[in-house]
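Here is a short report on a protein model. Look at the structure first, then read on.

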Amino acid sequence: MSVIIAKQIIKKQPIEKQTEAKFRNLIGVIASIVGIIANCFIGVAKLVVGLIFSSISVASDGLNNISDTASSAVSLISFKIADKPADKKHPFGHARAEYLAAMIISFIIIMLGIELVKSSIEKIIENTASTFSFITIGILIFSIAVKIILFAYNFAMFKKIKSSTLKGVAIDCINDCLVSSVILISTLISHYLKVNLDGYFGIIVALIIIIQGIKLMISTFNPLLGEKADKQMVIDIAKAIQNYDGVLGLHDMIVHNYGPNRYFVSVHVEVDCKQDMLKSHELIDTIERELTTETTQLLIHMDPINKDDEESNKYKQMIASTAKQIDEKITIHDFRMVKGVNNNNLIFDIVLPMEFKLSDADIIEKLKDLVKEQDTTCNLVINVDRNYTEC
């Protein structure tokens, strides 16, 4: 339903505003509004019933649902912020606001779990039983049903637009189902078997909630910190670039993420140095223009290389094979040879795996020693790079 509504709203906007990002943010806003309305309704209902029948657990669960209203409000605000265009202070846009919102929601989930542990321990110590009422049972069953629907709805929207915020809301809905289910079961057991298990079940559910909150925090923290680019995305971009006639190779690809579906990709593309530079420059401009999309901005640095110098190619092959003796994942690029009277200066970049154990100084020294064993006339000038998109 949200998708249909979003599509209808988008269609009514000017053509220039009918973008994927607008559609995505609109779905997020609608999902957040649905969450606010649903949580307000069941939260107030539980709170009223809990107070009328002196059921602390039901009243607490109502407060929990009202706190979910705050989570949905945070989601709504984050989507509105993320929809703001780039400005002088934020030239890459505001899409990372979604990650911050998901982080806030994860904190709320964890704090809820901690508070539930405390209240459960207090119930065990005090051995207080809840007051039984069929109205209470009905409200809890209704709440569970609503939360299951909200989970399915938010998870479907998360799958649709890949929003970590909506994923957090969906996880919170499952946590709420567990809380309400435990209160329902413990209420029935306490009434019919005269055994008060409310506190013990509460601790189990609280631990589950805390674990889910920590998992969400970690999954949100990674893109904020700067995680590795998606493997398939890197492969697809590399293949697309190499499909152009005139491209001899590429290296030094770096993918920066500035929020969901907001990527800036920089890469060095190799072209024949003997080709007219204006044509090569036109080729690079064409690749940038044709491969840049609404979600991915491509920036290419042109590297002219000489592929026909047999002596230079021989030394390049020798350096490449020697480097692989140290580690199979090591590659080289930007290779140049400058001939001297007694020595040949070999200038190149060496690309190391991200988790390479040797220091830059150690790898340079080791490679120089191995090359000297094969050719004493070689003088290596090495720049060390890291493979930021290692697949």
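## A tour of the model

Glu-355 sits in the loop that runs between E5 and helix H11 (360–374). This is a predicted model. Glu-355 has 75% relative accessibility, so this residue counts as exposed, since the cut-off for that class is over 50%. Glu-355 and Asn-387 are 32 residues apart along the chain, and their C-alpha atoms are separated by 9.6 Å.

**The second largest pocket**

E1 gives the most, with five residues. Sorted by class, the lining of this pocket holds 12 nonpolar, seven polar and five charged residues.

**Salt bridges**

How many salt bridges does the structure hold? There are three.

| Pair | N to O distance |
|---|---|
| Lys-147 and Asp-176 | 2.9 Å |
| Lys-339 and Glu-311 | 2.5 Å |
| Asp-360 and Arg-386 | 3.2 Å |

Take the pair Lys-147 and Asp-176, whose side chains meet in a salt bridge. The pair links distant parts of the chain, with Lys-147 in helix H5 and Asp-176 in helix H6, 29 residues apart. Are these two residues buried or exposed? Lys-147 is buried, and Asp-176 is buried too.

Next come Lys-339 and Glu-311, which also form a salt bridge. Lys-339 belongs to strand E4 and Glu-311 to helix H10 (residues 310–326), and these distant parts of the chain are 28 residues apart. Lys-339 has a relative accessible area of 55%, so this residue is exposed. Glu-311 has 30%, so Glu-311 is partly exposed.

Then there is the salt bridge of Asp-360 and Arg-386. Asp-360 lies in helix H11 and Arg-386 in strand E6, 26 residues apart, so this pair too links distant parts of the chain. Asp-360 counts as partly exposed because its relative accessibility is 33%. Arg-386 is also partly exposed, because its value is 22%.

**Cavities**

Rolling a probe the size of a water molecule over the atoms shows where empty space is left. The structure holds three cavities of 30 Å³ or more. The largest cavity has a volume of about 60 Å³. It is lined by 12 residues, and those closest to its centre are Asn-39, Asp-68, Ser-72, Val-169 and Asp-172. H2, H3, helix H5 (134–161) and helix H6 (164–192) each give two or more residues to this lining. H6 has the largest share, four residues. By class, the lining of the largest cavity divides into three nonpolar, five polar and four charged residues.

**A nonpolar patch**

Where is there a nonpolar patch? It is on the surface, formed by Val-44, Val-48, Ile-52, Leu-63 and Ile-66. Together these residues have about 430 Å² of accessible area. Helix H2 (20–52) and helix H3 (56–82) each supply at least two of the patch residues. H2 gives the most, with three. Ile-66 is in helix H3. Why does Ile-66 count as partly exposed? Because its relative accessibility is 31%, and that class lies between the cut-offs of 20% and 50%.

Technical notes. Residues numbered from 1 in each chain as written. Predicted model: local features only at pLDDT ≥ 70, side-chain atom pairs only at ≥ 80, totals over all residues. Heavy atoms only, no water. Patch = residues over 30% accessible without salt bridge, like charges linked within 9 Å, V, L, I, M, F, W, Y side chains within 5 Å. Areas by Shrake-Rupley, 256 points an atom, 1.4 Å probe, with all protein chains shown as cover. Salt bridge = Lys/Arg side-chain N within 4 Å of Asp/Glu carboxyl O. Buried < 20%, exposed > 50% of the residue type's maximum accessible area, 1.4 Å probe, protein only. 1 Å grid on protein atoms, 1.4 Å probe; cavity = no way out; pocket = protein on both sides within 12 Å on 5 of 7 lines; lining within 4 Å. Points joined across faces, edges and corners; volume = space filled by probe spheres on them. Nonpolar A, V, L, I, M, F, W, Y, C, P; charged D, E, K, R; others polar.
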